[in-house]
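Morning, everyone. Please look at the screen while I walk you through one protein chain.

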Amino acid sequence: DSSLNGNMQRLKVTRNSTTNIVEIWFGTPSYSVSFSDPSTYVATVLVRDIKCANGVIMIIDNVLVAPLASSTTAASSNVLSTLIAQVQGAQLQSALDTTDSITIFAPWQAAFQAIGLGGRFFQMSTPILLGHVVSGVYYSTQLSSGGNPKLLKTLGGQKIQVSYSAGGVISINGVATVVIGDLLTKNGVIHIIDNVLSLAPS
C-alpha cells in the first residue's frame, strides 16, 4: 500500500480461549467503547484449515474491507469527539488523512476534561496537536518490543519517549498510557491515550 510506504496492511486476529472462535478485526477493534455495528469491522472464521496446493483456506462470514481514513476511524469511536473537533478547528483533518505512514496517539474525552476542556472549546495550537502524531507506523507490538524506551519525533517537531512496563502498559513521556491500541487506518494506526501529551499534568 503506497499510503503505508510499501508496507503491507495488517489484520488483527484473535481467538476466544473459551469458545475457540477465531475472529479477524479488519477495521476498528472491539474494545470497551461503543461501536455501532460489529459486522462492519469483524469477521468470524467459520471453517478452518482447508488445505490447497499453495496454502490454506479459511472460510469467513464477512467481506474484509480495507481500513478507512484516520478521521473516519476516529469518528467510529465515542471517545474522541473533542480531539476530532480540535483537528477540524486547526484544519488538520486532510493532512492526517493523506499523510503516508503515521501513528496517532489520540487523547480520549477524559484527557481533555482533565485539563479543563471537557465542557468548553479552546482551540489548541497546531504544534501541540501534531505533537501527538509521529512519522512511521508503530503497532502496539512494535512499541512494546525490545524493552528499551523508544524516542520518536513527532510531526510537531517534538520528541516523545515511548516505554513499556513489565505489566504490559505502554506509556508516553511518563504521563500518558495507551488505553486502546491498534485502531487500524488507511495510512497507519491510532492508539487512544489517557492524557493530552503537551498539557498532561505531571
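Let me start with a term. Contact means heavy atoms within 4.5 Å. Now the ground rules. This is a predicted model, where local features need pLDDT of at least 70, side-chain atom pairs count only at pLDDT 80 or more, and totals for chains, interfaces and linings use all residues. Residues are numbered from 1 along each chain as its sequence is written, and side-chain values use heavy atoms, with hydrogens and water left out.

Let's begin with S163. Leave aside its neighbours within four places in sequence, and S163 is in contact with P149, V169, I170 and S171. S163 sits in strand β8, residues 159-164. Strands and helices here are DSSP runs, numbered from the N terminus: E, at least two residues, for a strand, and H or I, at least four, for a helix. One of those partners also makes a polar contact. The side chains of S163 and S171 are joined by a polar contact of 2.7 Å. That term covers a pair of N or O atoms within 3.5 Å; within protein, one must be able to donate a hydrogen and the other to accept it, and residues adjacent in sequence count only if both atoms are side-chain atoms.

Next, V162. V162 is in strand β8 too. Is V162 buried or exposed? Its relative accessible area is 0%, so V162 is buried. The cut-offs are these: buried is under 20% relative accessible area, exposed is over 50%, and partly exposed is in between, with a 1.4 Å probe and protein chains only. What does V162 touch, leaving aside neighbours within four places in sequence? The list is F105, L143, P149, K150, L152, I170, S171 and I172. V162 and G174 are 12 residues apart in sequence, and their C-alpha atoms are 8.1 Å apart in space.

Move on to N173. N173 lies in the loop between β9 (170-172) and β10. Its phi is near 55 degrees, a positive value in a residue other than glycine. At 36% relative accessibility, N173 counts as partly exposed.

Now to the end of strand β10. T185 belongs to that strand, residues 176-185. T185 has 1% relative accessibility, so it counts as buried. The T185 side chain reaches the backbone nitrogen of G188 at 2.9 Å.

Let's go to the helices. Q109 is in helix α4, residues 109-114. Which residues does Q109 contact, once neighbours within four places in sequence are left aside? They are N78, V79, L80, S81, T82 and L83. With S81 there is also a side-chain polar contact, at 2.9 Å. Q109 and D194 are 85 residues apart in sequence, but 8.4 Å apart in space, C-alpha to C-alpha.

Q91 is in the loop between α2 and α3. Q91 has a positive phi of about 55 degrees, although it is not a glycine. Q91 counts as exposed, because its relative accessibility is 72%. Q93 is in helix α3. Q93 has a relative accessible area of 29%, so it is partly exposed. Not counting residues up to four places away in sequence, Q93 touches S71, V87 and Q88. Q93 and A69 are 24 residues apart along the chain, with 9.7 Å between their C-alpha atoms.

Now look inside. How many cavities of 30 Å³ or more does a search of the whole structure find? The search finds 1. A cavity is a set of points, on a 1 Å grid over the protein atoms alone, where a 1.4 Å probe fits but cannot get out; lining residues have an atom within 4 Å of a point. About 220 Å³ of space lies in the largest cavity. That volume is the space filled by probe spheres set on the points, and grid points are joined across faces, edges and corners. The lining has 20 residues, and A74, L83, V87, L96 and I104 lie nearest the centre. Elements giving two or more residues to the lining are α1 (70-75), α2 (81-89), α3 (93-98), β5 (102-107) and α5 (126-130).

Last, the whole chain. It has 6 helices and 11 strands. Of its 202 residues, 41% are buried. Take contacts between residues at least 6 apart in sequence: 56% of them join residues at least 24 apart. That's the tour.

Definitions and conventions. On a 1 Å grid over the protein atoms alone, a cavity is a set of points where a 1.4 Å probe fits but cannot get out, and a pocket is an open set with protein on both sides within 12 Å along at least five of seven lines; lining residues have an atom within 4 Å of a point.
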